[in-house]
Amino acid sequence: MENKIEISDLKVFYGDVQALNGISLNVYPNEILGIIGPAQSGKTTLLKVINRTLEFNQDISVEGTVKLDGEDINSISDVYGLRRRIGMVLPLPVGLPLSIYDNVAFAPRTAGLRNKAEIDEIVERCLQQAALWDEVKDRLDSLGTKLSGGQQQRLTIARALSHQPEVLCLDEFSIAVDPITTMRIEDVLKTLKNDMTILLVTNLVQQAKRLANRTAFMLNGDLIEIDETDVIFSDNPTQQSTYDYVNGNFG
Amino acid sequence: MNRSDPIFHIIALIILVLVFFLIWNFTNLIPDAKGGNTADRAVQDTLSIIYGHLYKMIPICCVVILLSLAVAFFLEEWLPHKSLQYRIIERIIAILASIPSLIYGLLGIYLLVVPADKVSYYQLTIIVSLLVMPYTIQSTQKAIQGVDISVREAVYALGANRWKVITGHVFPHAFPMISGGILTAISRVLATAALIIVVCDWKIPESNSTSSFGFSSSVVVLLLSALSLSVLSSLVAKNVNHINLNGIV
């Protein structure tokens, strides 16, 4: 099977501080890869390297290679096009000063889509996928600020889906969402993986267990172990620290 | 502070001194139409020139402010912060912004009083630029730096280009702080204009004034305007955190 993403010996430095210590892993097409680990283990940094949003930070240096469909992401000249291929949902909702409709329509319009009927269809589909349509369908023109925290996060998810990414990176997407809605979004993710590859960074190990086909455990910038989720959550993972983390012995 | 920082500070200082000498020599070359630097006559002329040319400052201010914003956005959004150019330009701006407006006022007197009837857009532009640009650039830089990086990341992650991110999201987020900085810079200009008038007023009796609008009234109006703008600026700064940017989620 050809890998969707290939990461080789990836090292990231914030100034003098090394955040990733030479990580190598492959992500398969149409899988959900769960990435777990305590704080400061480099999970978010890994996602930001993949969609090249890490380069907005000053004093950053990146070594190693990341390939998307066999192409080195650093050699891709159209970085905006690359980012449209890789959707990103951040832990806390970052809204645009726009209406609910325009928030979701932002990416398609940025990509050059002008047909109103098509944009309408995208907005409705994405809001439904993010389990938000029923709650906002009658007030699409109101501002994103009028929504609750959980609704704002679902709006962010809808926005990330609006440009139909090949890879969807979810960084603690459920941190501001209630458990019922989280379950609804998880159901959507199980369906979405037929169309895209999903990288799921989560501190909720049970969420990774529920959703991920494979799970990677990171600790202090190192990739400790990556394997089938059933193996990681079994009594016999390869590394003792993996067992300790998923069983709540630390972290 | 980085160990290499003092080097950039010294380089910036040397560049500023060189530029200052160039300006100094250039202004000395401007011919005096009256054939001399007779102080009283010059002061008298200067006052009428100041009254007559204050309106010129408005378009100059507008251009200088727009230029300052462009420089600040270029520095923050385009130039890598570790680059040599960024470090030197940043130091130059920091030095110029830290100079008290009184010094610029004295420079203004030199430029306006000595070649009294030759006050050109060029000279006014130098004074207004020195007063407005460093402070506006610095405050705009701080405003841009204050925009949460997650805003940029969120918009870039949707495939937006740099221009769209800056105009559509960074600028609106930073606008309250930017406008506060601009108001403060303009108030510095007005206060300095008042200073020049006061200094000139000491040198000639009121009866010799060529203006129908008295010196004291001018000074009071300028100082009150400066004060009002400063108050407005502090109010804007105080309310930065409370301003809803048309619906930031």
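Please keep in mind that the model is predicted. In chain A, helix α6 (residues 149–161) meets helix α3 (residues 100–110), and α6(A) also meets helix α4 (residues 116–129).

**Helix α3 against helix α6 in chain A**

- The axes of α3(A) and α6(A) come within 7 Å and cross at roughly 30 degrees.
- Angles under 35 degrees count as roughly parallel, so α3(A) is roughly parallel to α6(A).
- The crossing of α3(A) past α6(A) is right-handed.
- On the α3(A) side, the contact is made by A:I100, A:N103 and A:V104, while α6(A) brings A:L155, A:A158 and A:R159.
- Sorted by class, the residues of this contact between α3(A) and α6(A) are 4 nonpolar, 1 polar and 1 charged.

**Helix α4 against helix α6 in chain A**

- Here the axes of α4(A) and α6(A) come within 8 Å, with a crossing angle of roughly 130 degrees.
- That angle makes α4(A) oblique to α6(A).
- α4(A) passes α6(A) in a right-handed crossing.
- A:C126, A:L127 and A:Q129 of α4(A) meet A:L155, A:A158 and A:L161 of α6(A).
- The contact of α4(A) with α6(A) has 5 nonpolar residues, 1 polar residue and no charged ones.

**Helix α3 in chain B**

- Helix α3 of chain B covers residues 84–98, and at 1.5 Å a residue its 15 residues should span 21 Å.

**Two buried loop residues in chain A**

- A:T53 sits in the loop between α1 (43–50) and β4 (60–68) of chain A.
- With 2% relative accessibility, A:T53 counts as buried.
- Leaving out residues up to four places away in sequence, A:T53 touches A:K48, A:R83 and A:M88, along with B:E153 of chain B.
- A:S99 lies in the loop between β6 (86–89) and α3 of chain A.
- A relative accessible area of 10% makes A:S99 buried.
- A:S99 and A:D141 are 42 residues apart along the chain, and their C-alpha atoms are separated by 5.2 Å.
- Neighbours within four places in sequence aside, A:S99 is in contact with A:L140, A:D141, A:S142 and A:L143.

Methods:
Residues are numbered from 1 along each chain as its sequence is written. Chains are lettered from A and ligands numbered from 1 in the order in which they are written. This is a predicted model: local features need pLDDT of at least 70, side-chain atom pairs count only at pLDDT 80 or more; totals for chains, interfaces and linings use all residues. Side-chain values use heavy atoms; hydrogens and water are left out. Axes are lines fitted to C-alpha atoms, for helices over the stretch in contact, and angles run from 0 to 180 degrees between N-to-C directions. Helices (H or I, at least four residues) and strands (E, at least two) are DSSP runs, numbered from the N terminus. Angles under 35 degrees count as roughly parallel, over 145 as roughly antiparallel, 65 to 115 as roughly perpendicular and the rest as oblique. A crossing is left-handed if the near helix is turned anticlockwise from the far one by less than a right angle, and right-handed if clockwise. Contact means heavy atoms within 4.5 Å. Ala, Val, Leu, Ile, Met, Phe, Trp, Tyr, Cys and Pro count as nonpolar, Asp, Glu, Lys and Arg as charged, and the others, Gly among them, as polar. The expected span of a helix is 1.5 Å times one less than its number of residues. Buried means under 20% relative accessible area, exposed over 50%, partly exposed in between (1.4 Å probe, protein chains only).
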